[in-house]
Amino acid sequence: FYPFAGGLRAPRKPMGGYAGLRPQPGRAVPPPLMIRAGPPQRPRGARAGKVSHLKSCRKVDPVTYAAITGWGKCLPPAVLTNDDLATFLDTTDEWITTRTGIRERRISHVPLAEMAYVAAMRALAAAGLDPGEIELIIVGSTSYDDQVPNQASGLQARLGAKRAASMDVNTGCTSFLYSSSTANAFIRTGVARNALVIGGELISAFLDWQNRGTCVLFGDGCAAVVLQATDREEGLLAERLGCDSDGRDTLVVEGMGGRYVNKGRIYGDTAWTFEGQEIFKRAVISMAGARADVLEAPPPPPHDAGLVLPPPPHPRLIEAVAKRAGVPMERVFVNVQRYGNMSAGTVPVALVEALEEGRVQPGSLLLMPAFGAGLTWCAHLVRWGDRVTPKGTTDVELPPCDKTALELVHDMIRAKGKLA
């Protein structure tokens, strides 16, 4: 596969066999499935009005798109303000706000699984789908409750989505958009007719609460979308994914991962490397290039991007990316002041809130750039459909929280101290 403005494109001819597929005695090996992403084109020799199909286990219309038909968010009720942080850190509300634009963030009293379940049920209700109809579940996150088994299978079991395939995706703050690209490819190639995609984090449990340079930046939150196959030109029209791996050491969370096992490191007791200036420089360059690529891809002209949501949650970075994109700030949706950086949850929560606030109209073009650890980067150009209101609602809620956010943080600090 090689990158181009519309995503990943397969070579026209097989490259000498199939990875992981070996012929068995007495069994014929099926021909490879050739996947062509990006703007769909009619296969050669297809007559007008006649549908041609890709070779897969399900017949597929080659002009299938993946429209967003459902959406829902789940934010923990406990709010941690800058003044709360100033009670145990050498900082002030003014210091945090002027440098980050953040005034408050959410701290979860429940595992990520609970937030994902509530967000998923709300998204399914908005789409008018029963959980049993879902064929694919993807959870994008960096802060899973478990690595084995994966987070998505737990959500599948909770939902009762027995027909679904389930997987996790971890690409840092870009995890939701990378998950969306994956789901889009499944639908465009006929592997699934619909998908439930979740982006969320329980990052507070992994923060170093003595490091004011990082703990003030992050918060917990989750949101979900439902994608469904359609022959209308909706959903993801263009995408650009990449990774600036030369800079991966500029953003590292020590204490999360297998290399710390049996090395005297307590899981969750972390140390963060966060080289802000270097990350800033690389983020602006990467996302500006990705943005240019997706806007130059047909069919929409560059001036047609109606709303940007959201660039990374930092005011100077937001302004720098918007300036390079030639997009006025009034067309950029910003909610960093309320939630901080929710990593994989940032983009989907912003999408849901933009819908709730009437910023997304039928037929709107949405530009979604993101940048995360790795250093991964991407940009999506999405055409919204005709419906901007949910088909239905659900009464599913998080269990009540009987503590303040500050009390929850102090509990985490004490627990880390006792374990150490």
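This is a predicted model: local features need pLDDT of at least 70, side-chain atom pairs count only at pLDDT 80 or more; totals for chains, interfaces and linings use all residues.
## Helix α4

Helix α4 covers residues 151-159. Its buried residues are Q151, A152, L155, Q156 and L159. Viewed along the axis of α4, these buried residues lie within an arc of 140 degrees, so they line one face of the helix. An α-helix has 3.6 residues a turn, so residues three or four places apart point the same way.

Several elements cover the buried residues of α4, including helix α3 (112-127) and the strands β6 (136-140), β7 (165-169) and β8 (194-201). After α4 comes G160, which has a positive phi, near 75 degrees.

## Strand β8

Strand β8, one of the elements that cover the buried residues of α4, is itself largely enclosed by the rest of the structure, because eight of its eight residues are buried. Burial means that less than 20% of a residue's relative accessible area remains, that is, a value under 20%.

Both faces of β8 are covered. On one side, N194, L196, I198 and G200 are buried; on the other, A195, V197, G199 and E201 are buried.

## Neighbouring strands of β8

Strand β8 is joined to β6 by four bridges, and the two run parallel. Within this part of the model, V139 has I198 in β8 as its bridge partner.

Strand β8 is also joined to β9 (residues 221-230), in this case by eight bridges and in an antiparallel arrangement. Here N194 stands opposite Q228 in β9.

Methods
Residues are numbered from 1 along each chain as its sequence is written. Side-chain values use heavy atoms; hydrogens and water are left out. Buried means under 20% relative accessible area, exposed over 50%, partly exposed in between (1.4 Å probe, protein chains only). The arc is that of the directions from the helix axis to the C-beta atoms. Contact means heavy atoms within 4.5 Å. Two strands pair if DSSP finds at least two bridges between them.
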